[in-house]
Amino acid sequence: MSAAQAQSAKRITRNRTGWFWVFVGPFVLGLGLFTYVPLGWSVWLSFFDAHNTVTPDRFVGLDNYIALLRDEAFRSSLWTFCVFTLFIVPTTYAASLALALMVNRLRRAQAFFRSVFFLPAACSYVVAALIWKMSLFNGVRFGLANTLLGYAGADSVAWLSTTDPPWYWLVIVTVRLWLQAGFYMILFLAGLQRISPTLYEAAAVDGARPGWQVFRHITFPQLRATSVAVVLLLVINAFQAFDEFYNLLSDARGYPPYARPPLVYLYYTALGQGQNLGLGSAGAVLLALIIAVVTVGQARWFGLGRKEAD
Amino acid sequence: MTISRRGLLATGAAVGLLTACGSDTGRGGAGESGSGPALSQWYHQYGEQGTEQAVKKYAAAYKKARVAVQWRPGNYDQQTAAALLTTSGPDVFEVNGPSLDQIQGKQVADLTELFEGVKDDFNPAVLAPKTYDGRIWGIPQVIDMQMLFYRKSLLEDAGVRPPRTLDELVDTAAKLTDKEVKGLFLGNDAGAGVLGGTPLYAAGLSLVTDDGKVGFDDPAAARALGKLHQLYADKSLLLGAPADWSDPSAFLQGLTAMQWSGLWALPAVQKALGDDFGVLPFPKDGADGAPSVPVGAYSAAVSTRSAHQEAGKDFLKWLWIERTDYQEDFALGYGFHIPARISLAKRADKLKDGAAADAVRFTTEHGYAQPLLWTPAAQTAYQDALNRIIKDGANPESELKKVVRRVSAELARVTSK
């Protein structure tokens, strides 16, 4: 290699590094400034007594963490979150898979039904929650649900205020189900359309009965990759539960002690008049740890990213 | 005035749209006038027509500073709390407090000097929670209070008299309840939020004693709160109404025979029902009890992050201490509030007869304000317990025991500073 060639090769490399930073730089800067700095700051705050300040000077060590783990309300918020996940993940999974299977079999108007079921996904959580709260499931006799009960001769139910039985779960779960089932249906549809027809033909030749047997042995196993993605997304979404809970159950005076997921609880602790930013940050760190553990565990369990051949 | 649900929703949506279009530049714009330093003044969004124009008019009339009013819809407490952490917040602002943490965190300025010579003219019940360490940290603007509204005709039909004790309230509510109409509306959460400490004061107790101890470590507390569960268990309470307790709609639409609401609802109730209603304080419970009504006041405060603290104090002194004409206009010209100045409250014609006069009497005789030492953490613990007592029928004694422990720790934290 001549000296000139070596020089130009060097320049290319240098240019490449330059371009690398031109393209990646702004993103890294934004990520650092808006994600990692606040994250680090939050971790730092969690070791301080930070009432009404983000630049505290009273170091308290692990006191915030201890206080939080001893706090019955916080522990019960974690429990709420688990219950919610147990409800919402299987129901959404089953509902969206069922919708996809039905829509996929349609000969006519498939595009129409696909759109109809997908449309709710475009609705805002806040708007949907308000409609659920104020017109469908309000507690007075002219709410939709109570009107239906009235036809059946039953008494009105105060859906969001009754704790025994906990009817509020019905409201919370249905609103999210309505909002997101359509979106996951689209994912399943994409998965279904990728299954090779030859598999079904081969199954038919081998004498598999259409229906349950084909679903059990062909469709469902072939949807594995999609299923894994859907379950992961559902769990992450469940972790972020805030919008519909807050809009369905909060009022000007606060939030009831039931159906209070961690984010709602921390919102009241750290923001609002509470302004206990140290305790709030400790809660955020604990939540982040829990999410990390669950996500890694889930990925291991499902073998996310593993090659099909493995 | 009957507000249909559809109408309410439509107005709500329209208001939402309008406010969403509002500019949020902070400085400049409407209401700015005069010369001198630029001050930004924040108010929460009042529901009553004309209030926004009024406060802008006051600001425009001040000549020694250029005051820009910001009218802030949404979660005002959260917004101010966050803004006070930065220098881009308001110079002067109204606050549902200031809270103890805000005072101890030195976020609000000491306004004691402004009260020279007029301190005794402010209603002591609402001035007390603005006072800490003998210094005053906010100027009470107007007094709001809550009380029980009842429909006279419905009570007569049922053959019951207006309840004078908590036991009577429980019985009356049950008698007034049928398939269509509920006896009592205490908010969609069955009362835990809005009642707060009121039943405790009605039982002769308090949230925090004068010497800074828990005020409800007493069997009478459990007894009074247990009766609230009775209301819930009897199914006498209206729950899940489209508009919550602060709005008189449920009462006016005939969904309930009695409703706990605020003084601000009085004009609407009067307009819709004429004479067919009366007002009551929260009835007393037990031999040591006395009726109680909660009173509170938004106050005007100066942010210590402001670059123009002195100018801000001068402005507040001018508006909330000197200009009694504006204070009266603000209290009674739009919504319906009691002026924080005793001399003004005595003078106001609108407060001289009928239910309004009752409300003023309740305020002076039975009013209690939430103590400054009652922190948000204490409030959460208490409200959670109250919620469980009312709705789940949890044992009041054991629930209160937990609250007492939590509140004692909280009181120890704030008094040790």
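1. Two strands are taken to pair where DSSP finds at least two bridges between them, and strand β11 (residues 338-339) of chain B reaches that count, as two bridges join β11(B) to β6(B) in the antiparallel sense. Within this pairing, Ile143(B) has Ile338(B) as its bridge partner. The model under discussion is a predicted one, and the remarks below should be read accordingly.

2. Strand β6 of chain B, which spans residues 139-150, is mostly covered, with twelve of its twelve residues buried.

3. Like β6(B), for which twelve of twelve residues are buried, β8(B) is mostly covered, with seven of its seven residues buried. In which sense does strand β7 (residues 182-185) of chain B run with β8(B), parallel or antiparallel? The two strands run parallel and are joined by three bridges, and Lys182(B) is partnered in β8(B) by Thr256(B).

4. Chain B is divided into domain 1, made of 5-141 + 297-340, and domain 2, made of 146-292 + 373-415. The C-alpha centres of these two domains lie 30 Å apart. Their contact draws on seven residues from domain 1 of chain B and ten residues from domain 2 of chain B, and the side belonging to domain 1 divides into four nonpolar, two polar and one charged residue.

5. The axes of helix α17 (residues 376-392) and helix α18 (residues 396-415) of chain B come within 9 Å and cross at roughly 175 degrees. Angles over 145 degrees count as roughly antiparallel, which is why α17(B) is described as roughly antiparallel to α18(B). On the α17(B) side the contact is made by Ala377(B), Ala378(B), Ala381(B), Tyr382(B), Ala385(B), Arg388(B) and Ile389(B), whereas among the residues that α18(B) contributes are Pro396(B), Leu400(B), Val403(B), Val407(B) and Glu410(B). Taken over both helices, the residues of this contact divide into ten nonpolar, no polar and five charged.

6. Is Arg161(B) buried or exposed? This residue sits in the loop between α6 (152-158) and α7 (166-176) of chain B. Arg161(B) has 9 other C-beta atoms within 10 Å, and because a residue with 12 or fewer such neighbours counts as exposed, Arg161(B) is assigned to the exposed class. Arg161(B) and Thr172(B), which are eleven residues apart in sequence, have C-alpha atoms 8.0 Å apart in space.

7. A last point concerns the interface between the chains, where 28 residues of chain A are in contact with 32 residues of chain B. The side of chain A that touches chain B divides into twelve nonpolar, twelve polar and four charged residues.

Terms used
Residues are numbered from 1 along each chain as its sequence is written. Chains are lettered from A and ligands numbered from 1 in the order in which they are written. This is a predicted model: local features need pLDDT of at least 70, side-chain atom pairs count only at pLDDT 80 or more; totals for chains, interfaces and linings use all residues. Domain bounds come from an automatic or database domain assignment. Two residues are in contact if their C-beta atoms, placed from the backbone, lie within 7 Å. Ala, Val, Leu, Ile, Met, Phe, Trp, Tyr, Cys and Pro count as nonpolar, Asp, Glu, Lys and Arg as charged, and the others, Gly among them, as polar. A residue is buried if 20 or more other C-beta atoms lie within 10 Å of its own, exposed if 12 or fewer, and partly exposed in between; C-beta atoms are placed from the backbone. Helices (H or I, at least four residues) and strands (E, at least two) are DSSP runs, numbered from the N terminus. Axes are lines fitted to C-alpha atoms, for helices over the stretch in contact, and angles run from 0 to 180 degrees between N-to-C directions. Angles under 35 degrees count as roughly parallel, over 145 as roughly antiparallel, 65 to 115 as roughly perpendicular and the rest as oblique.
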